Each structure stands twice: as C-alpha cells, then as structure tokens.
Amino acid sequence: MMSGIPGTAVIQITNLSSAVSSEQMRTLFGFLGDIEELRLYPPDNAPLSFSSKVCYIKYREPSSVGVAQHLTNTVFIDRALIVVPCAEDD
C-alpha cells in the first residue's frame, strides 16, 4: 500500500520554528524538485509572533513529494520537520 495521496504534488511541513522564512523553505525544499508554489503561515511579515509555522509546497512533479518526505525528522533551526503529502485544493 502506497502511503500518501496518489498524484498529489503538495506537501505540508509542520513543526517549523517560528524563525523560519519562506526563502529558507524554498532553498531547502527546492533541492528536491521544481517548486510551483510555496505558502508559509503565518507569513514572513506577520505582525504577531507565533510559536510555530506551517508551510505548504506545491511541486511541478508529484514524484518530488516522495523525495521530500525523506526530510521528515531533519532538524532545521531548532525542530525536527514533519513532512506529509497533502491533498490539492483545486
């Protein structure tokens, strides 16, 4: 049984440090495939501080999702990343 959602090109990254920027995420995950869209919540310019952030990345190729999942448990800044496939909301 394949894990994840068949055909999805989107990943969700959670347990992100509040210090993370979208540029850092683009650099880190851009090595694994062409990024079509990246959204970081709350955004870089959010007026309030949050204890953690969540990032959504849409790749051009669904095959990049499986590769990106291998970054789960990678410590980035001060936390271990959690990377999961995510259904695309068309």
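Residues are numbered from 1 along each chain as its sequence is written, and side-chain values use heavy atoms, with hydrogens and water left out. Because the model is predicted, local features need pLDDT of at least 70 and side-chain atom pairs count only at pLDDT 80 or more, while totals for chains, interfaces and linings use all residues.

Four strands form an open sheet in the order β2-β3-β1-β6, with antiparallel pairing, where two strands pair if DSSP finds at least two bridges between them. Its edge strands, β2 and β6, each pair on one side only, and neighbouring strands are turned by 20° against each other on average, direction ignored. Strands (E, at least two residues) and helices (H or I, at least four) are DSSP runs, numbered from the N terminus.

| Element | Residues |
|---|---|
| strand β1 | 10-17 |
| strand β2 | 35-41 |
| strand β3 | 52-59 |
| strand β6 | 82-86 |
| helix α1 | 22-30 |

Strands β1 and β6 run antiparallel and are joined by five bridges, and I13 stands opposite V83 in β6. Helix α1 lies across β1, β2, β3 and β6, running at about 140° to β2; such angles run from 0 to 180 degrees between N-to-C directions, and axes are lines fitted to C-alpha atoms, for helices over the stretch in contact.

L40, found in strand β2, counts as buried because its relative accessibility is 6%, buried meaning under 20% relative accessible area (1.4 Å probe, protein chains only). Leaving aside neighbours within four places in sequence, L40 is in contact (heavy atoms within 4.5 Å) with residues including L16, M25 and V54. L40 and L16 are 24 residues apart in sequence and 9.9 Å apart in space, C-alpha to C-alpha.

Note on methods: Buried < 20%, exposed > 50% of the residue type's maximum accessible area, 1.4 Å probe, protein only.
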